[in-house]
Each structure stands twice: as structure tokens, then as C-alpha cells.
2 protein chains.
Amino acid sequence: MLILLSSSVPTYLFLIGAMLPMPDRFEILHKDLAARIGRLSTPHGTIETPGLMPVVNPHLHLIPPKELKEMGADIIITNSYIIHEDAELKAQALEKGLHDLIGYQGPIMTDSGAFQLSVYGSVEVLPLEILEFQFAIHSDICVPLDIPTPPDVSRERAQSELQETEERLVEAAAQERPALLAGPIQGSTYPDLRKKAAAFLKDKNFDVYPVGGVVPLMESYRFSDLVSVVTAAKKGLGSGAPVHLFGAGHPMVFALAAAMGCDLFDSAAYALFARQGRYLTVQGTGKLDEMNYLPCSCPVCQSHTQKELMNSPEKIKLLAKHNLYVSLQEMKLVKQCIWEGSLWELLESRCRSHPRMLDGYMRLCAESEWLEGLDTASKSTMFYLSPQSASRPETVRYSRRIDRICLEGNVLITDDHDANETGFDHVLHFKPPFGPYPPELAETYPFNAEVPAEPDEAALKAAAENIKRLMKANPKASFSFRLKCRLEGFDEGGR
Amino acid sequence: MLILLSSSVPTYLFLIGAMLPMPDRFEILHKDLAARIGRLSTPHGTIETPGLMPVVNPHLHLIPPKELKEMGADIIITNSYIIHEDAELKAQALEKGLHDLIGYQGPIMTDSGAFQLSVYGSVEVLPLEILEFQFAIHSDICVPLDIPTPPDVSRERAQSELQETEERLVEAAAQERPALLAGPIQGSTYPDLRKKAAAFLKDKNFDVYPVGGVVPLMESYRFSDLVSVVTAAKKGLGSGAPVHLFGAGHPMVFALAAAMGCDLFDSAAYALFARQGRYLTVQGTGKLDEMNYLPCSCPVCQSHTQKELMNSPEKIKLLAKHNLYVSLQEMKLVKQCIWEGSLWELLESRCRSHPRMLDGYMRLCAESEWLEGLDTASKSTMFYLSPQSASRPETVRYSRRIDRICLEGNVLITDDHDANETGFDHVLHFKPPFGPYPPELAETYPFNAEVPAEPDEAALKAAAENIKRLMKANPKASFSFRLKCRLEGFDEGGR
């Protein structure tokens, strides 16, 4: 395979490509919830994750790939099947390589035609054929031709297509590999199949794991199902591997998806929505012709009014640029929040964009035991911002540990820091959602949490549960309560 | 007063200035909650509200006023007292006018020295003197020298300072007026005094009503008290007059303040925070030196990395520009939401930036009866996004009207649209937070609301209250329930 050793790709990368274990390809620098800041090494450079890959159509560059790079896109994705099916593009790609064909010198991921398979029912290429083609044109991340099973099919179909996918992936993983290889996780809307599929692929030495077949879920705002599917895949895969949420291109979902541990995203949305005259924001999708303002500071929106943009001969390109600017900006914000440990706070805001996003958020809250196991153990502080905050990993963690507090004699639990402590052997302060905690920890995380003046019912319920756990763990102690907030069952004077 | 008739200001404006009734100065185009899109006419042009006025220091232009205009600032504010106290500036201002002095040809509002009074305890100018000076230099919106009483003072002090303010304002309003005149509303943290002060000023023919003395509340994140004070002032003033929230410059508060009916904002924050190395976002305030990215698409953040900005010799100016871009952008978003009728949805997101913002939001929710009276009666739809959504004007409005539904015989209330309706004279569908509603209205606002898959307790409680009202209004009807959601007291089969 001499062709692989030509062009601008350093030779040593080819030599070690097939042997590199995954941890060297993907390094995790920092974590928050299941999200992480990572570094993914490819033959054409190392990128930071979470990262957004703008989709580039090999036939038509709505935004020239050089401009994409200037806008901040450090990696792009294109479709090897489209190139393979076009005799001229194919010849050019084989001759000068994918990067010169596209005009982009950073990392490029290539899809395999699986999307076309999902739309048209068949493709004119064999699985190994399109994989070898991706290798030959020097793609940085190659995707085998899997079967992207749509949501809501019968369990039988999901299972049999998954089996076919797994056979193809095993075959693909056995090939000598000059680039990174993706192992897509399918399984339709069956979380157990997704988990099983991920667990099967886990040890097969893939470099990137796309969660596939989820575009219909996102298109129909089924974010609760999306969370079910992705968290199941993540559980099967473990936390060390980079995960690509295939088809996730709307900035509205980046925070939620990153919080689940998705590391790569691809956006065709920026261009598709632009062609429909749609203007993306982190709140959702607007129709440009129905808007009065362009509420954005990107170069496009700073240099045009809504009317000027509507009437521009370059409207679609300009709108695509805005859509991409807002997407890249949101990815930067997600990364900033991961470093700060404030991704949950961003979820609180982002998941109020639509009730279906709230459904997804609530579904993720139901996975808080899982999140707790992945989240970093210390942050500077946390904000309690809604009933969903009662499901934060901090609350789950404290709830697990509160029975380690050993108490004897008379115990006062109070949220009145001026309460008369005479006659009590122990005084614990009280702050929902945690409930009772040792006052000497008041200034430390997580008890230094900023909470609303009036605790909501979810916070009170969590706090009451923790009181019960504490009392159960200390059956000989006698508990008294002096609480300003109404907490059913724990009125002044005792249980 | 010949001096008033010189310079670039059209003469007819002076002639009609003192006579113009307010509605001609301020026109309301569109409403959402207590917010509105308005047009405020000044001698140097008409601006659209809500509008943000960047504060310009007459001594030092951190961003040249010409650049402010290019960035989208259609009106600015400066301090006439600072000009008055500097012999050279004063002479220049009197000679060539405020606009040439500052280098800005749009509307300029001038403060009076009241801020200096609040900081230093006294000022070296008489109330009428500084007002006449503002007239003389052709300010567009002039502010009499009032007494900005800080929060938490004794009621006696608040009252006596308010009386002094009112005397000065009456005197100011009696002057012939070549420009718009502001009537600041004081009263410290006493809502009843704020309301009384506003009601007193209401008929005194001022053109703009600043709510003053609230900067300490915003600096210490006391947004609940801010809402109490502003809503009280608004209630006293009525809905027709333009209100300026004096000192509100952080983009985090714009949505909340606009929702209460504030029309003008002024930002010194963009420059003050820049001098402290602080980077504004709608989520809050970051420290530039602790950030890893610049999560923004403004020209500054597009052309610099965090490191480049940190090390730029123009760091403070560039940071000030970013801070102002993000502020102006948020104001555009607020306006877009007002036009769309989606300002409540923006509140749901913006008030999750900090638990103190949530406190403010919850305080506003307690004013939902008042908001209901001001909100537009029809929108396209609404999103239910948190327990606070149960306080939306739509819920309040339906709750008031549900007893108009006349029912007889057997009534079924159900959220199962396939339920067997045999034997029932009336079938009502059920959707929290509204509760029962006629199925033929399902596709109309507000019953077309998008709601989460699982209603929260606030929604269920509101719905249960509405069932009770409906049953009370129709004592002869017999009610049955087939509900999928758990609704205490309304189990299957009847009450």
C-alpha cells in the first residue's frame, strides 16, 4: 500500500497507526459531569475536544474550507462515498489526497455512505472497498460502512442489523490502519442493545466511537430518547474512549450531549438550515424572514441588519456562516464550563430552550448515580437553580456518605445559625438539598453552594431523605429540629 | 434663554418641548409581559426601546463615541456635573454644545451629579443650576438633581429624602424645557414609598422616569429586592411612561428588567468591569485571566485568543468593547423576544444564571396577576419550562376565566384522548398547568402550549385548583376523571 506513504502525512504515523492503543490517541485533560476536555491525535494534527466538525459537501463548498478554518473549525468531516461515486472526484482524491481535494490541511473525518444507505436503502459499494478508499485518500478518521438502524424499528430488525454491523466492524478492525478508525454504535431505540453494542466494540481497538442512527431523534426533538440511547452506549463503552454524536449539529444540544460524555459533533445543520432561511441560536431555530433583529455579535450579524441579510445575494452563505459561528461559540462555552466545573449550570439554562430539551435534561437527571461516578469530586462551588439541581452529582454523593457521620447524645439540626445550642452534644446546620451537615464545612464545597432564598420541593425532599438516613445511621442519638423552612415531618422540637 | 435656540437642534422642538404630552414622546409599538417595544423621540433623533445607553466619561473616552455608534449604540449617557465642574469642559460644552464636545451626534442623556451626591455626600452645584446647564449644552434627556437614597436606610430618612426629591422635581418640571426631562423615582427599599413616589410624579409631565438608587441592589445581587422596588414603581406610574433603570448595565439583568417594563438602561459596567479584567457574559462575569477561551463571536473575540487578549496593550479597551458587544447583543435578543412574545421563555433561561437571579424571577412570578393585566392576550404558543412557568400570565388568565365554562350532566375530564366517551354529556381534555379545557381549543393558544412529558408539581397544583374552580362553578354537573398523570384527589372514576 505504497499510496499510503505518499503526500504530506508523516511516515511514522502510518507505521505506528495500527499498533497505537487508544489512550495514546485520546488524552483526557479535565472532567465535569461525564464531559471532558480531551486531545485527539490524528495524522493531520491534534485537536481539542469537545470538537465540532462542520460537514463539507465534496461537490459544493457553501463556505470554502479555508474560511472554515479561519472561523475556528479545527477539524471537518466529509463524505467518502460521494467522492467515490464521482469518477472525477475519486481520481483526484486518489491522486492528490483528500486534503488537497477539499482544500483543508487539518484533520478530516470521512463518512462511509451509511447515511446514504439509511436514506436510499442501498449503496453501490462494498464495506471493505469504501474503507480501503478512505485509507487510500488519507482520511484522518475513517468510518466503516455500518447499518444505521433508525429509531422505533422492531427489536428483531435492530438486533439483526446490529449483528451485520458488528461483523463488518470486526472485519474493518482487522485491516491494517493508516488512520483512526471509528466503530459506530447502533441499536435503534433499545438502550440495552446500545449498551451491548458498545460493550462489544469496547475491546476491538477502535479509535473513535460514533453513536449512530440518532438524527431522526434529534430532528423530532426526542431528546429524552436521545439521552437514553447515548447514556446506554456510554455505560457499555466506559469513560476512556472518545465518542462522536453522529449528526449532532444544533448548538442547542451541545451542552446536554457534552454532559453525557460526547466528544465529537458534526454539523450539517449550519448549511441545511441556511438553505431553508433558518437562523440558529442556542435557544433554537428562527426564521430569518420573520425576525426583526440579528441578536448576535458575529461578523455576519455585526455587518448586516436583518433586512440587509434577507436581501443579500450571498444570503445562504452568510446565514451558514452565522449558523456556524454560533455553533463554534457554543462549543467554546461548553469547554469553558467544563474547565470551570460549571457545565451543570449551563444545562440549567440551555435545557430551558424547549420542553423537549427539559425532558432530555430530566432523563439525564435520572442518570445522576452514573454521573456521580464520573464527575470530579471537587469544584469551587455550585448553584442550585431548579428542581433538577436536586439531582446533581453533589447531592447524590452526599446522600451516599451522610451515614458516615457518627452522632451520640442530643443532636440539633437547624438552619438558624443563631439558634441556642445549649444542651446539645452536636449541632448540624441545615441547607437543602443536602440537609444536615457539619457547620465547620459550611465554607467548603459542596456546602458552600449558592441556593435560592426559598428552597423548592425537590430540594426539601432530598434534604428530608438525608435526615432520615442520618437518623437511621445513628439510632442512639436524639434529634431536635429548629428549621425556618417548612419541612414536613420535621417540626420544631423533634421527630 | 437665547442660547437654547442656537446650534443644530431644530427650533420647533424647543417651542413645543414644554407642551408636548408624553404619548407623543414615547410610542409603544408592541408588548410582551410588562415589556414593550417603544419609540422615544428626542431633539437629536428617535430611538427604539428597550435601549442601552453606554456611559461615556467626559474626561476619558475608553471607546471613542464614534465607535460606540458603529457598534450599535443609538443613544449614550454622560455626566453633566463632571463637565460643569471642569472649567475647560464647561466652556467648550457651552460654546459648541454637548454633542460636539463628546463627538456623538445621536441622542445623549445627561446625569446631574446625583450619583456624586450619593457617593460623596454633597455636590458643588444647585439643583436648578445643573438643570439649566443641561438645557444649555443641549442634552437630549436632562435629569434634575435628586437625592438617590440607598437601600436599607430608615423609613424616616427615605421619606424625608423623597420629599426633598419631590420638591426639586416639581421645581424642575416648572421650567421651560428644550429637551426631555427625567423624573427619578426614589424611595429606597420601601416598595410603598416607590409606588407613592411614582404615583406623585405620574401627572407632573416628565418624559422619562428613572428608577434610582438601585445600583447597590444590583451590585450585591439583591434581584428579589430589585423586582420589589421596580414593580412597585411601575404600579404607581402606570404602563404608558418610559422607565429608565438607572445603573443597570449587566446583560444578565436585561431580560428580567425589560419584563418588568424597563425601557432604558445605562451601562458603565462595560468599562468598569473591563478595568478590573472582567469579561461579561449573559451568564455572569468571568475573570479574563482565569478563562481558557473567549466564548463569543464578537469582533474582539473572533480576532483574539484569551492569551492574545490578556497580553494586548489595548486589553482594557478591547475588553470594554467585548463587554459592550455582548450587552448590545442581549438587548437585541430581548427586543426580538418581545416581538415574538417569547420573553418569558428567555427569562426561564436567563434567570438560571445565579440563585439570586432565580430569587428575582420568583419575586416577579409573585406579581403574575399584575403582569397578566399588561401582557398581550394572544401569542402563537408558550413553552412550559419550569415550576415558574405555572405563574405565567396565561395560567393566571385561564384560572380567572375557567368558571365561565357552563356544564351540565355527566362530565369527563381526561388526558387520554382515546378515552371512551360513552355516557358523558361533556368531555374536557386535561393539560397541566391549565387543567380542564374544551378539546376544540386544543390547537389554539394557550392550550397549544408545549409542556414537558412529566408535569411538575407546580403545574399539577395549578391544574387541580382549576378543576376545583370549575366544579364549584358547576355544582349540578357530575365529574369523572381519567387521568394518566397522578393528580392527588382526582383519581379515576370521580371525586
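In the predicted model, Asp207(B) and Arg25(B) are both buried. The two residues form a salt bridge in which the closest N and O atoms are 3.7 Å apart.

In chain A, Asp207(A) forms a salt bridge with Arg177(A), and here the closest N and O atoms lie 3.1 Å apart. Distant parts of the chain are again linked by the pair, 30 residues apart: Asp207(A) is in the loop between α10 and β9 (209-211) of chain A, and Arg177(A) is in the loop between α9 and β8 (180-181) of chain A. Asp207(A) and Arg177(A) are both buried.

A further salt bridge is formed in chain B by the side chains of Lys379(B) and Asp375(B), with an N to O distance of 3.3 Å. Both Lys379(B) and Asp375(B) are buried. Over all chains, the count of salt bridges comes to 56. Side chains of opposite charge can pair when their charged atoms come close.

The packing of two helices in chain A was also examined. Helix α9 (residues 155-173) of chain A packs against helix α10 (residues 191-202) of chain A at an angle of about 10 degrees, and the axes of the two helices are 11 Å apart. Because angles under 35 degrees count as roughly parallel, α9(A) is described as roughly parallel to α10(A). The crossing in which α9(A) passes α10(A) is right-handed.

Some features of the backbone concern chain B. Most residues other than glycine have a negative phi, and most peptide bonds are trans. A cis peptide bond is found between Thr49(B) and Pro50(B), where omega is about 0 degrees. Pro50(B) is placed in the loop between β3 (45-49) and β4 (51-56) of chain B. Another cis peptide bond joins Tyr445(B) to Pro446(B), also with omega of about 0 degrees. The position of Pro446(B) is in the loop between β16 (435-437) and α22 (457-473) of chain B.

Positive phi values occur at Leu33(B) and Tyr221(B), neither of which is a glycine. For Leu33(B), phi is near 55 degrees. This leucine, Leu33(B), lies in the loop between β1 (26-32) and β2 (35-42) of chain B, and Leu33(B) counts as buried because its relative accessibility is 1%. For Tyr221(B), phi is about 60 degrees. Tyr221(B) is located in the loop between α11 (215-219) and α12 (223-237) of chain B. With a relative accessible area of 24%, Tyr221(B) is partly exposed.

On the surface of chain A, a nonpolar patch is formed by Phe115(A), Val119(A) and Tyr120(A), which together have about 360 Å² of accessible area. One of these residues, Val119(A), is part of helix α7 (residues 114-120) of chain A. Val119(A) counts as partly exposed because its relative accessibility is 47%.

Technical notes: Residues are numbered from 1 along each chain as its sequence is written. Chains are lettered from A and ligands numbered from 1 in the order in which they are written. This is a predicted model: local features need pLDDT of at least 70, side-chain atom pairs count only at pLDDT 80 or more; totals for chains, interfaces and linings use all residues. Side-chain values use heavy atoms; hydrogens and water are left out. Patches are made of residues with over 30% relative accessible area and no salt bridge: like charges are joined within 9 Å, nonpolar side chains (Val, Leu, Ile, Met, Phe, Trp, Tyr) within 5 Å. Accessible areas come from the Shrake-Rupley method with a 1.4 Å probe; for residues, only the protein chains shown count as cover. A salt bridge is a side-chain nitrogen of Lys or Arg within 4 Å of a carboxyl oxygen of Asp or Glu. Helices (H or I, at least four residues) and strands (E, at least two) are DSSP runs, numbered from the N terminus. Buried means under 20% relative accessible area, exposed over 50%, partly exposed in between (1.4 Å probe, protein chains only). Axes are lines fitted to C-alpha atoms, for helices over the stretch in contact, and angles run from 0 to 180 degrees between N-to-C directions. Angles under 35 degrees count as roughly parallel, over 145 as roughly antiparallel, 65 to 115 as roughly perpendicular and the rest as oblique. A crossing is left-handed if the near helix is turned anticlockwise from the far one by less than a right angle, and right-handed if clockwise.
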